[in-house]
Amino acid sequence: LQQLVRYKVKAAVNDHDLILKIQKGDLEALGELYDRHQRLVYRTALAITNDGEAAADLSQDVFLRLFRFAENIDPARALEPWLYRMTTNLAYDWVKRRRRWPGPIEDLVDFISTGVRQNPSYVAEMNDEWREMYDALASLPLQQRVVVVLYYMNDLSLQEISEILTVPVGTVKSRLHYGRIAMRRHLGLQVQPEAGWPDLNFEGP
Amino acid sequence: MDNLSDIYISQCLKNWAASEQPPNNIRSRLLLKAASASLHDESFASPDASFAYPSYRQSAGSLFPIPTGGSFYQPLLWVLHLNLTPIKNIA
């Protein structure tokens, strides 16, 4: 644990230095920061968009914006919340933009059935277990999907998600609750009633 | 995460995420674009830039540069001043 804490402190210090360098236009610092955080950004974008090419483009865009708007970033604060915010915002916009521009009819059928346009070649490469999990994730409304990804995949707290998405904690809780129920149902897991929420297993008298 | 199904969902998502690697070419594309952008936009990488959004400097090539400050000696303010001042007062 001490090693992990030491690593995190070291990473934070280095991020601080790298941001200062980026503010002066240092491209090497940008490359180093990219190496350090690329997985976080790429995987979050991929989980939200369900499109490998889009996730790659969005990752590039996130770091380009980091470079461009480095002056606005406070080096004393952790960079990860900024990266999460930028990634989710861009991914959110990308999904919404794609919805407004329907493509081939096959994509449209996918879109109607799953709520998102899936990249067929990408989905074909996934193994069955992950495809099932990913179908469950893709079936969620976008707002719930974003919260589920940040909470389950990135281990962020409700408070952190609330700050990243700039919505109240109660809204995050609600989206997570309904997202969780939908995921469990999709995966055939037992849906247990939670305190303070209506029992969704109750089918009436 | 309070029960087994939560842990299952979390673990599956993390396993899936761990198996996904970003393409190798993003880094070089990123650095190329950043270098190109900083070459073509002088507001990039300037240590004295006070804000990062596209600055007034980009308007320098336009026909009528947009005044950037509130100085009394700016031409547009002088034109306004002359138009609003009665001639008899000037004389």
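User: What is A:Val149 in contact with, leaving aside its neighbours within four places in sequence?
Analyst: With those neighbours set aside, A:Val149 is in contact (heavy atoms within 4.5 Å) with A:Thr44, A:Ala47, A:Ile48, A:Leu137 and A:Asn154. This is a predicted model, in which local features need pLDDT of at least 70, side-chain atom pairs count only at pLDDT 80 or more, and totals for chains, interfaces and linings use all residues. Residues are numbered from 1 along each chain as its sequence is written, chains are lettered from A and ligands numbered from 1 in the order in which they are written, and side-chain values use heavy atoms, with hydrogens and water left out.

User: Is A:Val149 buried or exposed?
Analyst: A:Val149 has 0% relative accessibility and therefore counts as buried; buried means under 20% relative accessible area, exposed over 50% and partly exposed in between, with a 1.4 Å probe and protein chains only.

User: How many residues along the chain separate A:Val149 and A:Ala47?
Analyst: They are 102 residues apart along the chain, and their C-alpha atoms are separated by 6.8 Å.

User: Which helix holds A:Val149?
Analyst: A:Val149 lies in helix α8 of chain A. Helices are DSSP runs of H or I with at least four residues, strands are E runs of at least two, and both are numbered from the N terminus.

User: At what angle do α8(A) and α9(A) cross?
Analyst: The axes of α8(A) (residues 142-153) and α9(A) (residues 158-165) cross at roughly 135° and come within 10 Å. Axes are lines fitted to C-alpha atoms, for helices over the stretch in contact, and angles run from 0 to 180 degrees between N-to-C directions. α8(A) is therefore oblique to α9(A); under 35 degrees counts as roughly parallel, over 145 as roughly antiparallel, 65 to 115 as roughly perpendicular and the rest as oblique.

User: Which residues meet there?
Analyst: A:Val146, A:Val147, A:Leu150 and A:Tyr151 in α8(A) meet A:Leu158, A:Ile161, A:Ile164 and A:Leu165 in α9(A).

User: Changing topic, which residues have the most contacts inside the largest nonpolar core?
Analyst: They are A:Leu66 and A:Leu137, in a core of 67 residues. Such a core is a set of buried Ala, Val, Leu, Ile, Met, Phe, Trp, Tyr and Cys residues joined through side-chain atoms within 4.5 Å.

User: What does A:Leu66 touch, leaving aside its neighbours within four places in sequence?
Analyst: A:Leu66 is in contact with A:Ile22, A:Leu30, A:Leu33, A:Ile73, A:Leu79 and A:Trp82.

User: And how do α2(A) and α3(A) cross?
Analyst: The axes of α2(A) (residues 27-49) and α3(A) (residues 52-68) come within 8 Å and cross at roughly 140°. These two helices, α2(A) and α3(A), are therefore oblique to each other.
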